[in-house]
Amino acid sequence: MQKINENIYVESQLSMCNTSVVVTSAGVVVIDTPMLPANAKKVAAEIARFGPVRYVINTEPHGDHISGNCYFGGQVVTHEGTRDAILASKVDDFKNMLRMMAPDSPPVDSDFRFRPPDITFSDRLTLYLGKHTFRLINLPGHSPYQVAVHVPEERIVFTSDNIVVEGMPYFHQAVPLEWLKSLKEYEKLDVDKVVPGHGRVVDKSYIRQMAQTVQTFIDTVRSAIDKGLSLPEAQEQVTFEGLLPQIPRDERSADIIRMNVGRLYEVLKK
Ligand SMILES: [Zn+2]
């Protein structure tokens, strides 16, 4: 785990998202849990030295942020929409997906289960633990249920996948126009460090770059709609070739872009 503040550690290698730990005088708060059970167990064992886990906060409903919950103690806290998503998750689907995504990982143990949250909220919730404050704010974007975790004493915000650093943003469940508004809300916070859902820790200047990325997706798909392209035509033709130079491409990029264009087309066409 990388130490990024006196009381904060971030794990990016063992987790498929960023798993963060805030150490308070009254116990530990974990923000998002590793997806692979073996890695979730490793991280849980590693952070035991900091004290008991009091809360696990899930910043969003997707499997890469919530699947490791069952390997951590404390109470799980998140948006009520994320609780619904966790309750609807099936262990067999999870096993199949891991076989596809991480074929080299050990099989899922029988102790795995989807652990639903104990505490939910819809708009805002504040947790006080030791000398730390955790302001949880619903900021829709990558999904309607995204949660920002602002810890004012550490001058830091954990953003969920509303901000990803040097990676492809996913729009499959996005509310794109709200996403832009939410990015303005992060900018208003008095923080020095921004922990994204994926990628390295950045400062506030990165928020503007993320907003440009989201805006480029919206503008490009909107212009395809304005030209009268059908959905399949838009998915064929909108490749962002020459755009989004900040996002490295790999063999999955084309599929993700196709999915993103599909969702944006559906939302913006209305
Ligand atoms: Zn996600």
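Over the ring of which residue does the charged end of Arg 49 sit? The answer is Tyr 9, and the charged end of Arg 49 is 6.0 Å from the centre of that ring. Please bear in mind throughout that this is a predicted model.

Let me turn to the metal site. Three residues coordinate the zinc ion: Glu 60 through OE, His 62 through ND1 and His 142 through NE2, at 1.9 to 2.2 Å. Along the chain, these donors follow the spacing E-x1-H-x79-H. Glu 60 belongs to the loop between β5 (53–57) and α2, whereas His 142 belongs to the loop between β9 (132–138) and β10 (147–151), so this pair ties together parts that are 82 residues apart in sequence. Both Glu 60 and His 142 are buried.

I come next to the pockets. The largest pocket has a volume of about 920 Å³, and 32 residues line it. Nearest its centre lie Met 16, Asp 64, Tyr 170, His 198 and Arg 252. The helices α2 (63–66), α4 (91–101) and α8 (253–268) each contribute at least two residues to this lining.

Phe 114 leads us to the aromatic contacts. The structure holds 7 aromatic pairs. In one of them, the ring centres of Phe 94 and Phe 114 are 5.5 Å apart and the planes stand at 75°, so the pair counts as edge-to-face. This pair links distant parts of the chain, with Phe 94 in helix α4 and Phe 114 in the loop between α4 and β7 (119–121), 20 residues apart. Phe 94 is buried at 3% relative accessibility, and Phe 114 is buried at 15%. Phe 114 also pairs with Phe 112: their ring centres are 5.1 Å apart and their planes are at 80°, so this pair is edge-to-face as well. Phe 112, like Phe 114, is buried.

Finally, Phe 171, Trp 179, Phe 217 and Phe 240 form one aromatic cluster.

Key
Residues numbered from 1 in each chain as written. Predicted model: local features only at pLDDT ≥ 70, side-chain atom pairs only at ≥ 80, totals over all residues. Heavy atoms only, no water. 1 Å grid on protein atoms, 1.4 Å probe; cavity = no way out; pocket = protein on both sides within 12 Å on 5 of 7 lines; lining within 4 Å. Points joined across faces, edges and corners; volume = space filled by probe spheres on them. Helix = DSSP H or I, 4+ residues; strand = E, 2+ residues; numbered from the N terminus. Donors = N, O, S within 2.8 Å, 3.2 Å for Na, K, Ca; no water. Buried < 20%, exposed > 50% of the residue type's maximum accessible area, 1.4 Å probe, protein only. Phe/Tyr/Trp six-rings, centres within 6.5 Å; stacked < 30°, edge-to-face > 60°. Lys NZ or Arg CZ within 6 Å of the ring centre and 35° of its normal.
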